[in-house]
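Me: I'd like to go through the side-chain contacts in this one, rings and charges. Here is the structure.

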Amino acid sequence: MDDYSWRTDASDVDWDELSELYRIAPLGNKPPAALKTVFGNSMFVRFAYAGDVLVAAGRALADGLDCAYIADLAVHPGHQGRGLGKALINELLTAAKDHVKIILYARPSTEGFYTGLGFLPMTTAMAVFKYRERALRIGLVKAPLDQEGLDPED
């Protein structure tokens with residue numbers, strides 16, 4: 001990890017560059033202004049640079065004691081497979097280490113990566129998504145049993 005320098009604040013981030021990183025990672029289109037808002041409202045942020053090029057980013061929302069939520073992890077495709085994603089997670093875990101619980105939700109098929117870093121699957125996690133149908137379609141959530149035509153009392 002000597003090839004990378006880490007920054008722990010967003011004061012000099014190029015938000016267009018960060019938006020492009022999310023696009024090519026590929027994690028979807030995240031507008032620069034939206035990224036500035038969510039990173040600005042996060043207690044912990046981490047940015048990895050290879051020289052002057054932003055190659056990884058992530059953040060954690062946190063309340064300072066009980067709960068931290070790791071979100072928006074991205075690694076440039078040209079830097080994947082080198083341990084940078086693991087280093088990014090470890091940077092955020094270290095920053096949030098004094099919280100009672102640290103939570104993230106994984107994209108389907110990436111759960112093994114996170115269990116290898118100490119995360120455990122939750123059996124009681126629930127979510128409300130603004131784009132509910134998309135979250136159902138890509139497997140982030142499951143429809144409740146009563147919406148699948150089954151009686152939840154069975």
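Me: Which residues do ring pairs link into a cluster?
Reply: This is a predicted model. In it, Trp15, Phe39 and Phe47 are joined into a cluster by ring pairs.

Me: And how many aromatic pairs does a search of the whole structure find?
Reply: Six aromatic pairs turn up. One of them is tyrosine 69 with tyrosine 105, a stacked pair with 6.4 Å between centres and 15° between the planes.

Me: Where do those two tyrosines sit in the chain?
Reply: Tyrosine 69 is in strand 4, residues 67–75. Tyrosine 105 is in the loop between strand 5 (101–103) and helix 4 (111–115). The two are 36 residues apart, and the pair links distant parts of the chain.

Me: Why does tyrosine 69 count as partly exposed?
Reply: Because its relative accessibility is 26%, and partly exposed covers the range between under 20% (buried) and over 50% (exposed). Tyrosine 105 is partly exposed as well, with a relative accessible area of 46%.

Me: What aromatic pair does tyrosine 105 form with phenylalanine 129, then?
Reply: An edge-to-face one, 5.9 Å centre to centre with 85° between the planes. Phenylalanine 129 lies in the loop between helix 4 and helix 5 (132–137) and tyrosine 105 in the loop between strand 5 and helix 4, so this pair ties together parts 24 residues apart in sequence. Phenylalanine 129 has a relative accessible area of 25% and is partly exposed.

Me: Now charges. Which ring does the charged end of lysine 30 sit over?
Reply: The ring of tyrosine 22, at 5.6 Å from its centre. Arginine 59 lies over the face of phenylalanine 39, 6.0 Å from the ring centre. Phenylalanine 39 also belongs to the cluster with Trp15 and Phe47.

Me: How many salt bridges does the count come to?
Reply: Seven salt bridges. Among them is arginine 59 with aspartate 72, at 2.6 Å from N to O.

Me: What about aspartate 66, which side chain does it meet in a salt bridge?
Reply: Lysine 101, with 2.8 Å from N to O. Aspartate 66 is in the loop between strand 3 and strand 4 and lysine 101 is in strand 5, so that pair ties together parts 35 residues apart in sequence. Aspartate 66 is partly exposed, its relative accessible area being 32%. Lysine 101 counts as partly exposed too, at 36% relative accessibility.

Me: Back to the network: which residues do salt bridges that share partners join?
Reply: Lys30, Arg59 and Asp72, in one network. Lysine 30 is the residue whose charged end sits over tyrosine 22, and arginine 59 is the one over phenylalanine 39.

Me: Last one. Which residue does arginine 23 form a salt bridge with?
Reply: Glutamate 20, where the closest N and O atoms are 2.6 Å apart. Both residues lie in helix 1 (residues 15–24), three residues apart, about one turn of the helix. Arginine 23 has a relative accessible area of 42% and is partly exposed; glutamate 20, at 35% relative accessibility, is also partly exposed.

Methods
Residues are numbered from 1 along each chain as its sequence is written. This is a predicted model: local features need pLDDT of at least 70, side-chain atom pairs count only at pLDDT 80 or more; totals for chains, interfaces and linings use all residues. Side-chain values use heavy atoms; hydrogens and water are left out. Rings of Phe, Tyr and Trp (its six-membered ring) pair if their centres lie within 6.5 Å; planes under 30 degrees apart count as stacked, over 60 as edge-to-face and the rest as tilted. Helices (H or I, at least four residues) and strands (E, at least two) are DSSP runs, numbered from the N terminus. Buried means under 20% relative accessible area, exposed over 50%, partly exposed in between (1.4 Å probe, protein chains only). A charge sits over a ring if NZ of Lys or CZ of Arg is within 6 Å of the ring centre and within 35 degrees of the ring normal. A salt bridge is a side-chain nitrogen of Lys or Arg within 4 Å of a carboxyl oxygen of Asp or Glu.
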